[in-house]
Every structure is written in structure tokens, then in C-alpha cells.
Amino acid sequence: MRLLLSDAPLPAGLPVRKNWHYLDLNQLRIANCRGCFGCWVKTPGRCVIRDDAVSVYPLIARSSDLIYVSRIFCGSYDVPMKTMLERSIPVQQAFIRLYHGETHHMQRAVVEKDAVILAYGDTGVEEQAIFRELVARNAHNMLFRSWRVRFIGEEELSLAITEEVHKWEGS
């Protein structure tokens, strides 16, 4: 399965394929995580908040290829993407394991992923370095087998999204 999650409008004409999903997070109703840990202890694997996020985090878990499109804000994902990523903790369990010599949560039926992060906005070298480090630290928690961060200007966004999706065709 392949998944593109974006906090920017998606370009028209992306190829339609079975098990390819394109989601504009701004078109979805996704509430903030309450931090209640209900997804770990009350309803394991299911968030207690009933909104659009409950249909998105299973797609993240089952996807072998991901493209995240996010504006960079203070060296991190901007609000729509950050909110969705926080709401996807039901794909993890409360239990801890050693993974690559570090402690990480055990995953709940999560597929290893190849990820591309298209980071856009007016960023400087320092902010880009902070964001690269964030993605590298998150990679183990998200089971990224490989990842690549591509910094682009907002005016290049549609073309970059289209290019990255078309790379899926060849793999």
C-alpha cells in the first residue's frame, strides 16, 4: 500500500491505482490527541476520539511507501501533519522494546516503510538541520526502513508531489 499525506492541496491528475491513497489533511476533521492513553489501555489499537483520524492511522500502519508533505514550522511538521502523527499512536503498544540499541514502543501490525518527506516553506539552514534530525529520530518509531527529506519552495510543491508519486510507478 502507498500513502501520500499532505497539509497542502494535492495537484490534479495524480495516477489512480489500487491501494494508493492521497489525503489532504486540511479536508479531514482531526482533533488533537487528549493524551488519555485510551488507545493503549481502554480500547487497545483504537483511539477513543471518533473523527477522521481513525481511518488514517491504519493506512499509515499498512503502507510500505509514504510521502509526507508538510510546511516546516519551528523546525517541525506544521499543525495539520503534527496533529495527525500524534493521533497515530494507536499503531503502537504501551510496551517498550530495544530497537537499534534504543528503547521504543512495540508496533501493532506496522509495515516497514520507505518514506519521502517533502518539506516546504521559507526555511533556513538551521531550521532544515533541526527538521532532518527530527525525521531521523522519528524514523525508528515510525518503522522507516529508509527516508529522504526534500526541502522545496511552496511554488515547487505541485511538481515535487507529482514527481515523487510517479517514482512509485517504477518500483
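Student: Which residues lie nearest the centre of the largest cavity, and how many residues line it?

Tutor: C33, R34, C36, C39 and C47 lie nearest its centre, and 14 residues line the largest cavity. This is a predicted model, in which local features need pLDDT of at least 70 and side-chain atom pairs count only at pLDDT 80 or more, while totals for chains, interfaces and linings use all residues. Residues are numbered from 1 along each chain as its sequence is written, and side-chain values use heavy atoms, with hydrogens and water left out.

Student: What makes a space a cavity and not a pocket?

Tutor: On a 1 Å grid over the protein atoms alone, a cavity is a set of points where a 1.4 Å probe fits but cannot get out; a pocket is an open set with protein on both sides within 12 Å along at least five of seven lines; lining residues have an atom within 4 Å of a point. The structure holds one cavity of 30 Å³ or more. The largest cavity has a volume of about 90 Å³, a volume being the space filled by probe spheres set on grid points joined across faces, edges and corners. The largest pocket has a volume of about 340 Å³. Among the 20 residues that line the pocket, L85, E86, S88, Q92 and M142 are the closest to its centre.

Student: Why is C74 called exposed, and why is C33 called partly exposed?

Tutor: Buried means under 20% relative accessible area, exposed over 50%, and partly exposed in between (1.4 Å probe, protein chains only). C74 has 63%, so C74 is exposed. C33 has 35%, so C33 is partly exposed.

Student: How do you know that β5 and β6 pair?

Tutor: Two strands pair if DSSP finds at least two bridges between them. Strands (E, at least two residues) and helices (H or I, at least four) are DSSP runs, numbered from the N terminus. Five bridges join β5 (residues 92-99) to β6 (residues 102-107), so the pair meets the requirement of at least two bridges. The two strands run antiparallel. One of the bridges joins L98 to T103 in β6.
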